[in-house]
Each structure stands twice: as C-alpha cells, then as structure tokens.
Amino acid sequence: MTGTFEPTIVGFLCNWCSYAGADKAGAAGMPYPPNLRTIRVMCTGRIDAQFVLKAFAEGADGVLILGCHPGDCHYKEQNYRALGRHRLLLRVLEQHGIERQRCRFDFVSAAEAAEFAAVVGEMTADIRQLGPVNLRAVGADAQ
Amino acid sequence: MRVGVYFCRCGPGLDGQVSGKIDPGAVRGAVESLPDVAYFEVVDFACADGGQARILEHLAAHRPDRVVIAACSPRQHEDTFRRVCAQAGINPYLMQLVNIREHVAWVIEDPERAVDKAIDQIRAGTARVLHQEPLEAAELDICPDALVIGAGPAGLKAAMTLAAAGRGVTLVERGPILGGLPVRFEEIFPTMECAPCLLEPVLGEILHGELPGPIDIRLTSTVTAIKGFLGNFDVTIATSPRHISVDACVGCGMCIEECPTSVPNALNLNRTTRKAVDFELFGGLPNVPVLDEAACTRFTEGSDCTACLDCCPVPGAVLFDEVATATEKKVGAIVVAIGATIYDLSQVTRLGYGRHPDIVSSWDVERLLAANGPTGGELLTADGRKPRTIAIVHCAGSLDADHVPYCSAICCQTAFKDAHLVESKAPGTQIVSFTRTVVAPGKEAVDLYRHAFDGPHAVERRYHHPGDVEVRVDAAGGLAVSHATGAGEPEVTEVDMVLLLAPMVAGPGPRELAGVLDVPTDATGFFAEHNARSDATRSPVRGIFIAGTCQSPMDIQGAMTQGTAAAGHALSELVAGRTLRVDPATATVAPDRCSGCRTCVPVCPYQAIDVDGWTLKASVNSVLCAGCGTCVAACPSGAIAGHHFTDDAMHAEIEAVLHA
Ligand SMILES: Cc1cc2nc3c(=O)[nH]c(=O)nc-3n(C[C@H](O)[C@H](O)[C@H](O)COP(=O)(O)OP(=O)(O)OC[C@H]3O[C@@H](n4cnc5c(N)ncnc54)[C@H](O)[C@@H]3O)c2cc1C
Ligand code: FES
C-alpha cells in the first residue's frame, strides 16, 4: 500500500451536463479530493483517444471522462460514441499495462452534484490503491 | 506573446469567495513565472459592473495578445468576459476563463491544495489560450416563415396563429382534406358540440380568410427531407397526385355520379362503397373529390375510361396526367402536428375484435354514428338490427403491460360521449359499461360522466385486471361479455354489440418522420420533448416544435392549445429582420489532409458534413455544425479542426495541467 501516494487525475467534462454537475457540487459546497484537474470539452464526443494517451504520457495517474446520461447528450447521442471509444481505449491501455480502473467513463447530469463528488472520491481512492502509473510504454505511443 | 492574467477574488481582500480559500499572493509567483505571462492582476468582483470596467480599462491600457481570467465557471460568465474583451478591441475568442471558484475554492478543503490546483488550472488555461485563434461569429439572416406538418386541430391552430402574425405558412397534410380526426366525428366530448362545426371557423380562416400571412396548403403531401436549422430549413415536400384540381373544381360532384367504378369504403367500415373518384368524406374541406389511382380503371387496368372528364363542367379540373411532385421550400421553423392513431385491438385477442362485425372500436363507432357514416347516423348492427343491449368496454388494451402500458387520457370521456350518442340515437338501448379506472378530469367532464352512469338504461360494472373481461362469440354468432368478479363464476351478459375503447398510440407516423426530421421519439413511440414538463411543445431540435397527439395522447382542447403554443415559440424565436448569431466555434476541414474516407459523415448528428462527389473532400456547413467536436475526434487523418477546441489547444492544456 502506498499510503502517502496522491494521484493526479485528469477529468474531461462535457460542458452541458458533467461540467455543470461539477459547478453544482461547487455551489452546494460538496467537497471532494483535490486530486482532480478539470478540462472542459463541449461534448464527450470531442474526446480523442490521443487526449487520454497524452494525459497518461504526461504523468496522469488516472483519466476520468464524464458526459451526459444516455439520451441527454446536448448533441443527441455523441456520448454513446464516446462510450464506444472508451471501450476500445481500455483495451489499448491494458496492452500498455495501464489498469482499466485508471480510465473511467461515467455519466453525471447537471443536477448530480453529489454523484459528481462521489465519482471523484471513488476514483481517487481506487487510484491511491493502485499507486503510480507505469508510463514507459505509453510515452512512445502518444508522441 | 503577452498573456494578461486576471485573478478574481470574488469579494474584497482575503474575504472573497475565492480569496477566502486561495490567497492570490500564493498564486502570483507561479503564474508570473510562466512563459508569455505579461502580468498578474487581482480584481475584486470581476463580473460586477465595477469589475468589468476595471478589466476593460486595464486591457485597453496594456493590450495583451491573450487574456486569462481566473474566476468562476465559464457556464456563468464566459459571455460576460468575452463581451469585455470585445469592448477592449480584443477578439473574444482570445480569452480563456479558468474556473477557480466552483471547481477549486468551493470544493477543496485544504487551502494549500486549493492553491496548487488553482495554479495548475491557470497554467493550463494560459497554455491553451496561446493556441486560441480569433474567431468571428456569423450573423445569419433568417427566414421568418414556418412549415406546419399535419392539418388536424393542432396543426390548423398553429398555422392560423402564425398567419395571423403575418408569417408565411406552408401547411402540409397527408390526406386530401383538412381537419384531422375530428372532422370524421359526429359530436365531441365534453360538451357534445358538433365536431365539424367546431373546426369550421378555423378552416374557414385558413381556406378563405384574410389572414395577413399567406398560407400555402399542400394536400396529399408529406415532407420527405429536411436540412438546416432554426431560421434556415430547406424542406422537400412530396405531393401525390389527386387528379382533380383543387383550384379549378367547383365540387359539383357530377364526376362521382358518372364514375362507373365502385370500391368498398374503408372509412365506413367497408359497409358502403365509394366511387373511384369521390369525396374523401362528405362535407370535408376543401370540397373537392379525389381520383383514387388504386381504384380507377385507367390506372388499375390501363382502360381509357373518361367518364369523369366527359361530364365535368369545368375545364382543367380533371387531370389524368398529374404526377407525383417534389418541391423545395425554405422555412425558419417547423411545427410537427401529425397526430396519432388507435391501438390495433385485434392484438387483444380476449376482446374478440375482428372476429365479429358487431365488436367495434371507438373509432368504428364514430363512423357508425356519424350522419355521413354507413347508416346515415342510425345505430344498427352489421345485419341491420337495432341493438337492444350494448356493452362498452373501457381500457381495451390500455393500462395493460402486455399491450399499452399507459392510460391514454381520452377514452373514458369518449365512452361517455358514445353512451350519450347511443341514448339519443337509439333511446331505450341498455348500455352496460365495463369500467376499470374512470378518468374524467377537468371542469367540464362531470356532466357526461354523470349522464353515462345515472341514466335509466345504464349499468356500470367495475373490473380490476385486464384479463377479467372477455368477449365471447358463440357458434350462432351471439355475443356475450364475461366478467370475472373475483367471487364465483364470471358474470355473463348477452349483448348485441360490443364497443371497445381503444387507447391512443403513436403509430408508425412519428418514427417515420423522426428519420426525416432527426427529432427523437421516446419509448412510447410519441415524439420526445425538449422537456416534458416545462417545454412540451419544443422538440430537442432547435426550431422544430411538436404539437397535439403526436406528443402524447390528449383531447382536442389540448391539441389546439399546443398548436397555439408551438406557434408562439416559432414567433418569439424568429422575428423578421432580426439575425441569428452563429457560434464560430465549429469544425472545418483542411482539404489537403482529407482523404475522403467519410468517417466523419455518419458521426455528425446534424448532417452538417458533405463529401464532394468530384473532389472527394469533406466540408462542414458551419450553419448546421453545433460544435460538438465528434467529427474532429473521429477523423483518422487529423483533417478536421474544431475551432476553439483544436488539437493544439487541447494538447497544450493537458500537458500544462500536469506539468509545473
Ligand atoms: C375515437 C376517438 C374519439 C375522440 N373523441 C374526442 C372527443 O369527443 N373530444 C375531444 O376533445 N377529443 C377526442 N378525441 C381526441 C382527438 O381526436 C385528438 O385530440 C385530436 O384529433 C388531436 O389533434 P391533432 O391535430 O394532434 O391530430 P389529428 O387530429 O390526428 O391530425 C393529424 C393530421 O396530420 C396528418 N398527418 C399525419 N401524418 C402526416 C405526415 N407524415 N405528413 C403530413 N400530414 C400528416 C393527418 O392526416 C391528420 O390530418 C378522440 C380520439 C379518438 C381516437
Ligand atoms: S454534451 Fe454531454 S456528452 Fe454530449
């Protein structure tokens, strides 16, 4: 166990639901671990696999992708495409020795402040358990 | 490049909403040492008038190339600070708002960690802003005219409201007459008004009135393609031939008399016939017959019959050579009001629909009781007898998990109406109502409700589970309703006729049109709303509105109210002379990198991408593009750039958020 290990997690949040959910967690004063760094995209559909690989290559210990619930994507159904890409991505990551828990896809609506805080909390705890990522193999890939 | 960074304390000194947690003094050093940062300026309430004025003044004095504002959520104040930049003569897209309030100060408990996170987020914003490009929002001219699909109560009301406001309206109706379902009814609940009379004033206005906006009525037509968005839709309307000119025909009906070909009339339960050229419905408007290609021997057998043409007193009214056409129109908004249908009762086998001609649906009975129906409005069994006892079965297939799970809201009142009509047309007929859960809401329903159960010949029997009521047909053709009461043997009531109250269902219409409009349907098959409570007449697609029973089962009052509401939305969103601002944060294709692989085409939810047939290069229509970025991520050649969210900006942001 790496008791003192503090992971860095990059969170890609879609503007319309999950970023708004994070805003709501803020407005409601719901604390969550300081390990998350947020990056706003308009929609999870914009999230290129390269972004995730890049984040790991640059030293992220985890990547969190949050989008609108099924049926709620502001651009109709791009979250399904993002979900599909995430599945493929997990295989690529696993081939590079990056555990699937390090790259989580989830749905958080604009109303789900508590859910947002909970997801960040869970993810941080999971990655604390896993310890730092081994980035040798990925580094070459993302360049 | 010179980046100017503003830090909003969100309050005074160290008591601000942000500075209470994140001391700007602790952030300053790290930010000032970033390459390209020209200065780090602290403000109190950046978003307030005073704060904006201060930033404006500072920007004007220092003229940075890029601006970073570390404050609250871009969902709240991105537009505010973009305006401030624009006022300072800086392109608004050269500003990045970094959220250190909702995402940092308010959620990170330990101030030291909050400072770390704020620095990381500001560093990321500063890195990405260097890659941001100046963008110009396009102002688009809009077309204030509207398309209304479906000419039932909802569509008619929408068309009338829009035209009354001076908007040009194209009213597309699949059938040959206007009015939707109710023109086929005799009387309507809750007050037993004459249905055609209720619609008469609306139809009169639309057909012959002097509304300020022109109404282009397209009968026997539907919409087969739509491109564009709010303010700029291009629609394709397909019209099938009627073979009788609506403009020329005077409605004398001589052609009908002379036509030698008769076919069963499905509208009247096939109990009467109609001619190959005939009125859709006697009294339907416009008062012009239709020549049915499926019946006329010129089309079915290639005959050279000219009976209708020969007797027609108006030259140019009979048009044998008319063919299907497709026309294009430009409109700014679309109201979809294509109505619904009733559930196919033959699916509910225990109720016997289809096994005996005197087991009829609520729709059939509207026709059986109509003055222009098969018996001239007299209530008779299929073999011409006056029925002595009629069973009215409520919830025939509704509130039934195996059939229609919901309550379709209008059937109970339809049943009361039918009971009333039966009583007035055939006084003394015994009416046995099998009810399950009576739904008669609103301030007007109560009279018919009382009437249905209080009359001297009315009996009400309650049943609980869908399977408790069964309709039996014996070998001799006798009808009986068996009712399991839970105590002992089922009660059996012999009847002459059974009327089944069929629930309203979406039918295939919404799903078929959904493909054309790109408006989703929900699990019930009705159109999905933007928000089922607060915006029920707005579809999830901007500029497309839904009204009437294609949204949910409802009565005529509801449909007409929705038609008016949908027209109201269209009127407030499209004002003639105003322009529509198009966000420039869209996608564009670099043709030299595009391989023409078409990966991007299907991922676009707005059909905004076309691949040129000759050059095999993709291009994005920036008007249709909403900037989701899915094609950007999907392009295997990296040929599509998502403005404001370019790969360069995103990669810089990812890198910087992780590296001190
Ligand atoms: C048996 C029965 C009895 C009823 N009795 C009453 C009553 O007594 N009182 C009451 O208030 N309500 C009654 N209703 C409900 C009433 O019929 C509806 O509320 C009303 O018809 C809804 O109006 P609408 O304009 O939404 O749809 P509709 O009346 O169904 O009109 C839709 C129109 O759109 C057209 N259309 C469909 N698809 C297309 C397409 N793709 N392109 C172009 N046009 C298309 C159709 O031809 C039709 O003209 C009854 C319903 C039923 C089934
Ligand atoms: S907008 Fe949230 S996932 Fe598409």
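**Reading contacts, a ligand shell and domains**

A 2.8 Å polar contact links the side chain of Arg40(A) to that of Asn15(A).

User: What is a polar contact?

Analyst: A polar contact is a pair of N or O atoms within 3.5 Å; within protein, one must be able to donate a hydrogen and the other to accept it, and residues adjacent in sequence count only if both atoms are side-chain atoms. Here, the side chain of Arg40(A) also makes a polar contact with the side chain of Glu78(B), at 2.8 Å.

User: What are the ground rules for this model?

Analyst: This is a predicted model: local features need pLDDT of at least 70, side-chain atom pairs count only at pLDDT 80 or more, and totals for chains, interfaces and linings use all residues. Residues are numbered from 1 along each chain as its sequence is written, chains are lettered from A and ligands numbered from 1 in the order written, and side-chain values use heavy atoms, without hydrogens or water.

User: How is confidence read, and what is the mean pLDDT of chain B?

Analyst: pLDDT is the predictor's confidence in each residue, from 0 to 100. Where pLDDT is low, predicted coordinates should not be read in detail. Chain B has a mean pLDDT of 95, and 100% of its residues reach 70 or more. For the complex, the predictor gives an ipTM of 0.94 and a pTM of 0.78.

User: Is Arg40(A) buried or exposed?

Analyst: Buried means under 20% relative accessible area, exposed over 50%, partly exposed in between (1.4 Å probe, protein chains only). Arg40(A) counts as buried because its relative accessibility is 12%. Arg40(A) sits in strand S2 (residues 36-41) of chain A. Strands (E, at least two residues) and helices (H or I, at least four) are DSSP runs, numbered from the N terminus.

User: Which residues come nearest to ligand 1?

Analyst: A residue is near a molecule if one of its heavy atoms lies within 4 Å of it. Of the 35 residues around ligand 1, Glu173(B), Phe189(B), Lys417(B), Met554(B) and Ile556(B) come nearest. A polar side-chain atom of Glu173(B) lies 2.5 Å from an oxygen atom of the ligand. A polar backbone atom of Arg174(B) is 3.1 Å from a nitrogen atom of ligand 1.

User: Which helix gives the largest share of the shell around ligand 1?

Analyst: H11(B) does, with three residues.

User: Which domains of chain B contribute to that shell?

Analyst: Domain bounds come from an automatic or database domain assignment. Domain 2 (146-240 + 324-339 + 506-573) and domain 4 (343-505) of chain B each give at least three residues. Over C-alpha atoms, the centres of domain 1 and domain 2 of chain B are 49 Å apart.
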